[in-house]
Amino acid sequence: MFSSAWRSVATNIETQLTAAYFRGSSNKLRLQLRIAIPSGAGSIRRRFLAVPPVCQSPVNLQKLRKVGLRGMHSTLEDVKLESMQVKILPALQDNYMYLIVDNKTREAAVVDPVDPELVIKTVQEANVTLNKVLTTHHHWDHAGGNEKLVKLWEKELEVYGGDDRIGALNKMVRQDDSFTIGSLNVRCLSTPCHTTGHICYHVTAGDGKGEGAVFTGDTLFQGGCGRFFEGTPEEMYEALCTKLSALPDTTKVFCGHEYTLQNMSFARHVEPDNESIQQRIEWAKLRRASQDPTVPSTIGEEKIWNPFMRVHEASVQKHAGGATDPIVTMGKLRKEKDNFKA
């Protein structure tokens, strides 16, 4: 009972502090907490030594936002591909930022840098040259750190995105626009639906060889997809089943959130006889038990277990009511997922 209550308190505090930070508040905030501690709860109190039960003291928002009251949600991890290295950087409650490093030139770009201080620290420790920001969409938990990063970074940064609501944007991109990160090629995929200006970034070696990677923000998750806040089932179908599905099956998928277990629970609900889903759930449970990230997956794997990329399959269509139109199936799945309780 106590642990549940404290998790609620911690989450509430982090949410308020983060919201205050992104509203432009000072880096220092005077935080006053009045929390009743039941007798005999000394072990719980010790978890919160940084914020005593009754306190009125300056709180560094940056530190709390980065490590939280309970630490990062996942470990920092490096994924090494033939032509690039991708550093997985956890942020906020369940977000992921990514530092993409070209192996040949050591030039780098960061995806959705909502925690600028962690990005800068990682760049400096890796001794790479950061010159680009790739923003998937305008939501604050993805683009909210852009302006601060541009301000803190001593060199000019090119800030890419597909929506003029993105902070510090100076490189507007559309479908099939391309640019480079050192010797790496980047192709922009316009994937409107979650937001109208959502962009996925497909990164490959300059010679086209080896594994590529796609950074999908809140369009494609492992085992799921983003909510249709500003779009339609037709648009999400186009994004997932036409554009992203056309990428090589070996393409690594780096999504915007740690949602794998929640999404896979719904996938199992849709296709209870799909053994690949159950196997991935067991694997993900082991990863999360040690706070290891479950990203990346691959495009080929998503075609095997992600119901939103399997809307052509008879088993998925049957679950969604029997309609053989994959776009109708897409819409029904999303509506069901919006209200699904694992």
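Tutor: Helices (H or I, at least four residues) and strands (E, at least two) are DSSP runs, numbered from the N terminus. The model is predicted, so local features need pLDDT of at least 70 and side-chain atom pairs pLDDT 80 or more, while totals for chains, interfaces and linings use all residues. Residues are numbered from 1 along each chain as its sequence is written, and side-chain values use heavy atoms, leaving out hydrogens and water.

Start with helix α8 (residues 260-270) and helix α9 (residues 275-289): their axes come within 10 Å and cross at roughly 160°. Here axes are lines fitted to C-alpha atoms over the stretch in contact, with angles from 0 to 180 degrees between N-to-C directions. α8 is therefore roughly antiparallel to α9, a label for angles over 145 degrees.

Which residues touch (heavy atoms within 4.5 Å)? From α8 come Thr260, Leu261, Met264, Ser265, Ala267 and Arg268, and from α9 Ile277, Gln278, Arg280, Ile281, Ala284, Lys285 and Arg288. By class, this contact of α8 with α9 has 6 nonpolar, 3 polar and 4 charged residues. Nonpolar covers Ala, Val, Leu, Ile, Met, Phe, Trp, Tyr, Cys and Pro; charged covers Asp, Glu, Lys and Arg; the others, Gly among them, are polar.

Now follow the chain to Pro296, in the loop between α9 and β17 (297-298). The peptide bond from Val295 to Pro296 is cis, with omega near 5°. Most peptide bonds are trans.

Note on methods. Angles under 35 degrees count as roughly parallel, over 145 as roughly antiparallel, 65 to 115 as roughly perpendicular and the rest as oblique. Contact means heavy atoms within 4.5 Å.
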